[in-house]
Amino acid sequence: MDFEYSDEQRLIADLARRIAEKYPPEYWREKDERHEFAEEYWRDVSEAGFVGTLIPEEYGGAGMGMEEMIVAIENLCRYGTGMAGVWYLMLTGIFAALPIARYGTREQKEKYLPRISRGEIEGCAAITEPNAGTNTLRIETYAEKKNGEYIINGNKVFISGVDRAELMVLVTRTIPYDETPRKTMGLTLFLVELPNKSVKWSPIPKHGINYSHTCEVSIDNLRLSEDDILGPIDGGWYVLLDILNPERMGFSAGAVGLAKLAISKAVEYSKERKVFADPIGSYQSLQHPLAEAYSSLECAKLMVHKAAWIYDKVHRPPSNPRDLNEVVGMARQYKEVGDATNMAKVVAVENAIKAVYWAMQIYGGYGYAKEFDVERWWREINLLRLAPVTQQMALNYIAQHILGMPRSYR
Ligand SMILES: Cc1cc2nc3c(=O)[nH]c(=O)nc-3n(C[C@H](O)[C@H](O)[C@H](O)COP(=O)(O)OP(=O)(O)OC[C@H]3O[C@@H](n4cnc5c(N)ncnc54)[C@H](O)[C@@H]3O)c2cc1C
C-alpha cells in the first residue's frame, strides 16, 4: 500500500494550488453575485491541462486517470475556488470528455477530444427529467428511428452548462420503459452539437453556484444520425454506470477541498477574533467540531483515492464501444468501484457540510454576511446532498449492495 503522491501528482497538486491562489474567494464571490462565467479561470485550467486530464495523449490530453483528476480538483477547491474547482471541470472534463474517450468512435474522438483538451469547447450532460429525477430508467425523452435517422423529443431539467456548451451528452430512450423486457435496456446516448434550433433552454434561478447556469431544456424534433450515437444502441445505462462513479468521486474530492478551505479560513478568523478575554479559537466548543470534521474529511479523502485507484485499474475502454454485449459484460467489474465511490460520497459530503456549518458558526454574524464567503460555501456544499446523486440513493446502494439488505424501493 502506498499513500504517497507520485511525482506527477505532486506537480498537479502544486499547479492546482497556484491556479487556485490566483482566483481567491473574493473572485468567486463577485462571479457568483454577477452570475458570470469565469472565462479567465477556464482558460487557465485548460492551459494547465486539467480539462484534458482523462483524454488520451493521442487526442491532445494528458492521458492520466481519475487519481490525477481528483488531486487537481481537491487542490483547486482547497486553495481558493470552493465549488467552482470541481464544477467547471466536471461538466467538460468528466461529463463530456470521459464518455467520448471511453465509448467514442475514432471519428468522434478525433472530432471532439482535441478541442475539449484545448478548452475550445465546453460540454454538458442531459440526464435528469422532470418525471424521472433520481430514477433515470424512467426517462421519457425518446429517440425514434425513422428512415435511417433519429428524431428526438423530450424535456430535461437541471442541465448545468448547457447555455455555453457546444457539446451535449444526451440520454434518451430508444425502447420505451414499458416495452423493454429488461428495464436497464433501451437507453441510448447521443452527442449533440450546440447551438441547435431544436434544443431550447432557459436558466432555473438557483440558490448557489451562480457562476454557472443550470437550465430546463426542451428538445423538439431534433434530428440526428447513427454516427451521433455514443456507445452501444440500447446499452446507454451501462455507459452511465461507468461514468457516473467518476462524477461522484470528483464531487467528493471537491467537497473535501471546499470544506478544508472553509476550515482554514475559520481557523484564521478564530485566532484573531476576541470577544471575551481570549480569542474565540481557544474555546474547545469551537475547536472540537472542526477537529472532528477535519479528521473525517481526511478519512473520506482516502476513500475517494481508493475509489479512483480502483477505477484507474479496472475501467478499460471496450474494444468495440458499439458492442452491446461487451459493454454490458464490462459493468460486472464495477462493483468494487461503486462500493468505494458511494461510501466516499456519503462521508465526504456529510462531513463537508458539518465543517462548513461550524466554519459559519465561528464567524458568528459575519458568517451570514456575503463578505466572508462562508455563506456562499454553505449554499454550495448543500447541493451535494442532492446531486450528482442524493445521499439517500448512495445509502440505498450501500445497504443493498454492500450490506446485502433487500432493495427498499421499486
Ligand atoms: C444545481 C443542480 C445542478 C444539476 N446538474 C445536472 C446536470 O448537469 N445534468 C443532469 O442530468 N442533472 C443535473 N442535476 C439533477 C440532479 O442530479 C437531480 O436533481 C438529482 O439526481 C435528484 O433528482 P430530483 O431532483 O428529481 O429528485 P427526486 O428524484 O424527486 O427525489 C426527491 C427526494 O426523494 C428522495 N428519494 C427518491 N427516491 C428515493 C428512494 N428510492 N429511496 C430514498 N429516497 C428517495 C431523494 O433522495 C430526494 O431526497 C442537477 C441538480 C441541481 C440541483
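**Figure 1. Left-handed passage of helix α10 across helix α11.** In this view, α10 passes α11 in a left-handed crossing. The structure shown is a predicted model. The two helices, α10 and α11 (residues 374-382), pack at an angle of about 160°, and their axes lie 9 Å apart. Because angles over 145 degrees count as roughly antiparallel, α10 is described as roughly antiparallel to α11.

**Figure 2. Packing of helix α8 against helix α10.** Helix α8 comprises residues 284-314 and helix α10 residues 335-362; their axes are 8 Å apart and the packing angle is about 155°. The two helices α8 and α10 are therefore roughly antiparallel to each other. As α8 passes α10, the crossing is left-handed. The contact of α8 with α10 comprises, by class, 24 nonpolar, three polar and three charged residues.

**Figure 3. Helix α7 beside helix α11.** Helix α7 (residues 236-272) and α11 cross at roughly 160°, and their axes come within 11 Å. It follows that α7 and α11 are roughly antiparallel to each other. Their crossing is left-handed.

**Figure 4. The shell of residues around the ligand.** The ligand is surrounded by 22 residues, of which the closest are Ile127, Gly133, Thr134, Phe158 and Thr390. Three elements, β1 (123-126), β3 (149-160) and α12 (391-402), each supply at least two residues of this shell. Divided by class, the shell holds 13 nonpolar, eight polar and one charged residues. Residues of the shell come from both domain 2 (124-230) and domain 3 (236-402), so the ligand lies between these domains.

**Figure 5. The cis peptide bond at proline 195.** The peptide bond from leucine 194 to proline 195 is cis, and its omega is near 0°. Proline 195 is placed in the loop between β5 (187-193) and β6 (199-203). For context, most peptide bonds are trans.

**Figure 6. The cis peptide bond at proline 388.** A cis peptide bond leads from alanine 387 to proline 388, with omega near 5°. The loop between α11 and α12 contains proline 388.

Figure 7. Histidine 35 is not a glycine, yet its phi is positive, at about 55°. Most residues other than glycine have a negative phi. The position of histidine 35 is in the loop between α2 (25-34) and α3 (39-47).

**Figure 8. The chain as the setting for the close-up views.** The chain has 12 helices and eight strands. Along the principal axes, its C-alpha trace spans about 80 × 45 × 40 Å. The radius of gyration of the chain is 21 Å, which agrees with the value near 22 Å that a compact globule of 410 residues would have.

How values were computed
Residues are numbered from 1 along each chain as its sequence is written. This is a predicted model: local features need pLDDT of at least 70, side-chain atom pairs count only at pLDDT 80 or more; totals for chains, interfaces and linings use all residues. A residue is near a molecule or strand if its C-beta atom, placed from the backbone, lies within 6 Å of it. Helices (H or I, at least four residues) and strands (E, at least two) are DSSP runs, numbered from the N terminus. Ala, Val, Leu, Ile, Met, Phe, Trp, Tyr, Cys and Pro count as nonpolar, Asp, Glu, Lys and Arg as charged, and the others, Gly among them, as polar. Domain bounds come from an automatic or database domain assignment. Axes are lines fitted to C-alpha atoms, for helices over the stretch in contact, and angles run from 0 to 180 degrees between N-to-C directions. Angles under 35 degrees count as roughly parallel, over 145 as roughly antiparallel, 65 to 115 as roughly perpendicular and the rest as oblique. A crossing is left-handed if the near helix is turned anticlockwise from the far one by less than a right angle, and right-handed if clockwise. The radius of gyration is taken over C-alpha atoms; the globule rule is 2.2 Å times the number of residues to the power 0.38.
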